[in-house]
Amino acid sequence: MTTPTALTTLQRRAFAAALRAAKRDAYCRAVGGFVIAHLSDGTIDWFPAGQPPHQGGEPDRRATIIGKWRWNHRRWSRIA
């Protein structure tokens, strides 16, 4: 697992927790992937492929995507 270096220690822990949760999620496997994003309020969260980063149902246009993963029917691969 490669963690972005610009994150604080707490953000790295949140990144690792989001990565574990997304990899276990069956919906992410069904749609073929997920992204982890740094939201404008400072939190780090994951979103299944096809869903833009959002907070409370509203799109977060200032969110930064940290990483993207896809499911190739056997394992997760990091892309872009």
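**Entry 1: strand partners.** Pairing takes at least two DSSP bridges between two strands. Strands are DSSP runs of E with at least two residues, helices are runs of H or I with at least four, and both are numbered from the N terminus. I picked alanine 37 and found its bridge partner in S5, isoleucine 65.

The model is predicted: local features need pLDDT of at least 70, side-chain atom pairs count only at pLDDT 80 or more, and totals for chains, interfaces and linings use all residues. Residues are numbered from 1 along each chain as its sequence is written, and side-chain values use heavy atoms, without hydrogens and water.

**Entry 2: the hairpin.** I turned to strand S2 (residues 44-48), which runs antiparallel to S1 with five bridges. Valine 35 has phenylalanine 47 as its bridge partner in S2. Five residues lie between S1 and S2 in this hairpin, and glycine 42 in the turn has a positive phi of about 95°.

Entry 3: Buried means under 20% relative accessible area, exposed over 50%, and partly exposed in between (1.4 Å probe, protein chains only).

**Entry 4: helix H1.** I checked which H1 residues are buried: Gln11, Phe15, Ala16, Ala18, Leu19 and Ala22. They cover an arc of only 165° around the axis, so they sit on the same side of H1. The arc is taken from the directions from helix axis to C-beta atoms. On the other side, Leu10, Arg13 and Arg24 are exposed.
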